[in-house]
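Colleague: I would like to learn how to read a structure feature by feature. Could we go through one together?

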Amino acid sequence: MSENEIRLAVIGCGGFALFALQQFVQVPGVRLVAMAGTHREAAIVAAKRFGVEDIEEVDALLARPDVDLVYIATPPFLHYEQALRALMAGKHVICEKPLAMSVAQADELVATARQRNLLLVANMMQRYSPLFDAVKALIDEGVLGEIVHGYFENYAADEGLSPEHWFWDRTKSGGIFIEHGVHFFDLFAGWLGAGEVVAAQATARPGSGVEDQVQATVRYPSGALVNFYHGFHQPGRLDRQELRLVFERGDVTLHEWIPTRFRIHAVANEEQTRRLCELFPGGRLNATEVYGGRQRECRGRFKDFDAYQLLELSGGDEQAKQHRYGDLLRALLADQVAWIRDPRHRRRLTEQNGRESVALAERADRLAHG
Ligand SMILES: NC(=O)c1ccc[n+]([C@@H]2O[C@H](COP(=O)([O-])OP(=O)(O)OC[C@H]3O[C@@H](n4cnc5c(N)ncnc54)[C@H](O)[C@@H]3O)[C@@H](O)[C@H]2O)c1
């Protein structure tokens, strides 16, 4: 074992943990040393995959001096308690989203981690996407003018979610905003700053009590309103998502929940066209109309714009979705491990992101349930 090696242990070896761990163990200097879980058969299969000798109890795992970092991948209702125990045992923590089921719990975790100088982060890997950076620059540089509106539409599969699955039980999942919405509240906060939930609704399948759809409207500091919709009601092969940011001179649309494809529809002058192509490398540019003379003058929001062309810039590769997902997980762990090695390292994602995303989700959940 090298001096700088980070010894990782996992609590909860379910569907997602297996996927994430396959990525985490590829990060240089990280070694998986221990696993704890409850469904022994599945857990033993997972342990075999990674060459870990046995599945142990959570307490035994946390008592091991040879564990530096604990990855918690149990259902949401266990995150707070297990993360707190791990921090109290002196372990760094990467917790599956959501960080906790309530802001009060998240605050306690954040305070504990800070007091003890320990890592605490929720696994919201979206901020490590190259498309996150491209869109962030588009907003910050004002290439298409100011942001005016946005939406995220999530038509998610429920094929793998049996009626008994913990996902449908609000006491275990926290509901869709908490369990799932946090990813996208965090993504948009990364782009637009701290938002405020101004409206939210939820709806259940007729006669069943199964709440499978929620939506919320969030107002951002610029004044932009963004609508978030999450519905879990589609066959697996139809699972699809689309998000759009609308600017004064066009819009950008990203497809899939780990965005893999983009399409920009805009009017732009020569310089703006060049910048768009730089920010979204590999995109295919099509000029729908080209303007000259007085035609270059256009107007919107009481402002005059100079436009050389009406364009479409699109690109990406849907086939690469799972690979992109893996890239983001590895990037997240590498960034967090860099902080464990040197706390001066500036991370993309911190305990604060986990806390803020739960705060928006909790507020949305309360508004939706009166
Ligand atoms: N970041 C992402 O993109 C992403 C994607 C999918 C799921 N998730 C999150 O991952 C977490 C797990 O989801 P999943 O789909 O893998 O669920 P799952 O039901 O497949 O797995 C949960 C695991 O936790 C174990 N477990 C349950 N109670 C336990 C306990 N008391 N102690 C130890 N282990 C226990 C179960 O045995 C199971 O192996 C959830 O929080 C979910 O939101 C995150």
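**Reading a predicted model**

Modeller: Keep in mind that this is a predicted model. Let us begin with a helix. The buried residues of α9 pack against α6 (130-141), β13 (261-268), β14 (284-290), β16 (303-306) and β17 (309-316).

Colleague: Which residues of α9 are buried?

Modeller: A residue is called buried when its relative accessible area is under 20%. In α9, which spans residues 270-279, these are Q272, T273, L276 and L279. They lie on the same side of α9, because the arc they cover around the axis is only 130°.

Colleague: What does Q272 touch, leaving aside its neighbours within four places in sequence?

Modeller: Contact here means heavy atoms within 4.5 Å. By that test Q272, a residue of helix α9, is in contact with V143, R249, V267 and D306. Its relative accessible area is 16%, so Q272 counts as buried.

Colleague: What is found at the start of α9?

Modeller: There, a side-chain oxygen of N269 comes to within 3.2 Å of the backbone nitrogen of E271.

Colleague: Now the ligand. Which residues around the ligand come nearest?

Modeller: There are 26 residues around the ligand, and the nearest are F16, T38, W166, E179 and Y325. For polar contacts, look for pairs of N or O atoms within 3.5 Å. A polar side-chain atom of W166 is 2.8 Å from a ligand oxygen. Backbone atoms take part too: a polar one of G15 lies 3.0 Å from an oxygen atom of the ligand, and a polar one of T74 lies 3.3 Å from an oxygen atom of the ligand. On its own the ligand has 860 Å² of accessible area, and the protein covers 82% of that.

Colleague: Y325 was in that list. Is Y325 buried or exposed?

Modeller: Y325 has a relative accessibility of 10%, so Y325 counts as buried. Y325 sits in helix α10, residues 321-341. Not counting residues up to four places away in sequence, Y325 touches F16, F19, M125, W257 and I258. Take M125 as an example of distance in sequence against distance in space: Y325 and M125 are 200 residues apart in the chain, while their C-alpha atoms are 8.3 Å apart.

Colleague: How do I read strands? In what order do the strands of the open sheet come?

Modeller: The open sheet has 6 strands with parallel pairing, in the order β3-β2-β1-β4-β5-β6. The edges are β3 (55-56) and β6 (120-122); each has a single partner strand, so one side of each is left without a neighbour in the sheet. Strand β5 (residues 92-95) pairs with β6 over 3 bridges, in the parallel sense.

Colleague: In what sense do β8 and β9 pair?

Modeller: They pair in the antiparallel sense, over 8 bridges, with β8 at residues 196-204 and β9 at residues 211-219. E196 has R219 of β9 as its bridge partner. The hairpin of β8 and β9 has 6 residues between the strands, and G207 there takes a positive phi near 75°.

Note on methods: Residues numbered from 1 in each chain as written. Predicted model: local features only at pLDDT ≥ 70, side-chain atom pairs only at ≥ 80, totals over all residues. Heavy atoms only, no water. Buried < 20%, exposed > 50% of the residue type's maximum accessible area, 1.4 Å probe, protein only. Helix = DSSP H or I, 4+ residues; strand = E, 2+ residues; numbered from the N terminus. Arc of directions from axis to C-beta. Polar contact = N/O pair within 3.5 Å; in protein donor to acceptor, adjacent residues only side chain to side chain. Near = heavy atom within 4 Å. Areas by Shrake-Rupley, 256 points an atom, 1.4 Å probe, with all protein chains shown as cover. Pairing = 2+ DSSP bridges.
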